[in-house]
Amino acid sequence: MDQDRTPVLDALAEHQKLGRYGYTPPAHRQGRGVDPRVLEVLGEQSFRSDVVASSGLDDRSNSNGHLSDAEALMADAVGARQAFFSTCGSSLAVKAAILAVTRDDGELLIGRDAHKSVTSGLVLSGLQPRWLKPQWDNDLKLAHPPSPRTVEEMWNRYPDASAALIVSPTPYGTCADLEAIVRICHDRGKPLIVDEAWGAHLPFNEDTPTWAMSAGADICVVSVHKMGLGFEQGSVFHLQGDLVDPVRLQQCADVLTTTSANVMLYAAIDGWRRQMVQSGRAMIQDALTLAKRLRRDIEALPGLHVLEDELVRKEASHDLDILHIMIDVSELGISGFQATEWLRENCLLDMATTDHRRIEAVISVSDDAETAGWLMEGLGKLIEAAPSLPRRPKVLIPDESELYLETVILPRDAFFGPVEVVPADEAPGRIAAEMATPYPPGIPLLLPGELINKAAIDYLRSGVKAGMVLPDPADPSLETVRVVRKEEKKPE
């Protein structure tokens with residue numbers, strides 16, 4: 001296919017060139033009625049580009065076919081059978097994939113390090129999760145992707161499960177042995193879904209970890225806004241093979257998605273695909289070179305350590321995306337939460353994943369020597385400031401034996417069933433009715449349907465006191481917890 005084409009982007013340019021006007025949504029009429037104070041911040045061009053898809057450009061049901069052409073070009077560019085664009089993020093794409101590979105109240109093998117969107121898919125579908133235990137590093141207090149051996153053992157225990165779903169790369173940049181896991185799934189005639197939200201760049205440079213489609217996965221989901229150059233909420237899910245019905249996948253996505261998709265998101269994905277085909281390999285290579293230099297320079301700073309070798313070793317991850325620079329700050333006597341807050345407040349620098357002892361800088365193709373210099377300068381100032389920062393309470397991280405909770409009822413039943421609110425001290429022994437997700441990276445510690453233990457509550461409450469953010473519990477302070485209401489015993 002002609003990879004120089006950008007059907008959606010070109011259609012939007014033509015729409016603006018012709019000066020089309022519609023008596024349809026959006027009501028701002030390409031910015032005509034917008035408050036000048038809003039235009040000053042967002043820019044007039046953003047409103048000119050915000051046009052309705054149908055009766056303006058088109059959508060899948062319109063004869064122009066701009067979107068379907070753009071999706072076909074994306075699939076061709078990366079070697080997938082089909083590609084589908086999402087303007088509701090990878091969260092929607094993951095839910096659609098879960099619904100597409102299952103029927104009714106079946107089972108799904110899922111990595112317990114999955115994003116909260118997977119839990120939402122379980123709540124919506126009523127499926128029974130069969131959790132694939134990640135490889136836990138008790139020294140680093142860090143979860144690596146499930147091993148092929150774990151996946152095989154779980155298939156042997158639950159042979160009727162509909163599919164397997166794993167996350168690779170993780171938010172830490174660690175990667176699963178996808179080729180081995182694909183073989184294990186396909187030997188049983190079962191599809192593998194890969195939540196590859198952090199892997200949009202992988203198809204375009206051979207020096208990055210293995211892309212899911214190259215490994216043989218059936219569905220993979222990528223967030224264009226994470227490692228690509230699209231807007232927030234822009235995502236693509238790819239399909240190959242014959243184990244998943246493409247019509248059902250599209251219909252499941254249509255059930256969940258908005259009918260008012262933002263054309264700017266489509267256009268940005270379309271233009272990014274062309275850019276990657278034309279220049280992506282060199283751009284990514286430059287980013288890898290920059291990341292290698294940054295990793296070396298940060299490692300040389302006193303009190304800081306960049307994780308690398310310990311993330312890729314026996315019984316750990318299969319590979320590492322070095323664009324994820326995980327920096328251990330514990331020798332400075334501060335937590336990752338403190339470091340992130342200080343850098344944001346004092347250096348105007350925002351970090352990615354943060355935990356009790358680490359901060360992360362994710363390098364993209366947009367970074368260069370200047371932005372690397374900002375990071376180095378900020379870290380240098382952090383090192384100088386660290387001795388004067390107050391010491392926060394210690395985060396009480398459970399050992400592996402207490403970390404993974406038992407699912408005792410379906411997530412859907414726990415979420416939609418009768419609930420009550422109890423003090424956190426009374427939550428151990430009760431069944432969670434809500435998620436509690438340290439964010440970022442967005443991996444829930446508590447899931448609806450899981451039996452809460454004291455170690456989990458101690459971890460979350462100590463984390464909140466240390467600076468952890470929990471966006472999803474009804475009580476973000478975790479003084480109280482929503483649990484499944486106990487059935488009252490009827491008198492005989």
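1. Basis. The model is predicted; local features need pLDDT of at least 70, side-chain atom pairs count only at pLDDT 80 or more, and totals for chains, interfaces and linings use all residues. Residues are numbered from 1 along each chain as its sequence is written, and side-chain values use heavy atoms, with hydrogens and water left out.

2. Helix H6. This helix spans residues 116-125, and seven of its ten residues are buried. Buried means under 20% relative accessible area, with a 1.4 Å probe and protein chains only. Helices are DSSP runs of H or I, at least four residues; strands are E runs, at least two; both are numbered from the N terminus. Among the buried residues are Val118, Leu122 and Val123.

3. Packing of H6. Its buried residues pack against helices H5 (89-101) and H16 (411-416). They also pack against strands E2 (107-111), E3 (128-132) and E6 (164-167). Gly126 follows the helix, with a positive phi near 80°.

4. Sheet. E11, E13 and E14 form an open antiparallel sheet, in that order. E11 (305-306) and E14 (358-362) are the edge strands, each with a single partner, so one side of each has no neighbour in the sheet. Pairing requires at least two DSSP bridges. Two bridges join E11 to E13 (324-328). Val306 stands opposite Ile327.

5. Leu447. This residue sits in the loop between E15 (419-423) and H17 (454-466). Leu447 counts as buried because its relative accessibility is 3%. Leaving out residues up to four places away in sequence, its contacts (heavy atoms within 4.5 Å) include Arg112, Thr119 and Trp131. Thr119 is also one of the buried residues of H6.

Conventions. Buried means under 20% relative accessible area, exposed over 50%, partly exposed in between (1.4 Å probe, protein chains only).
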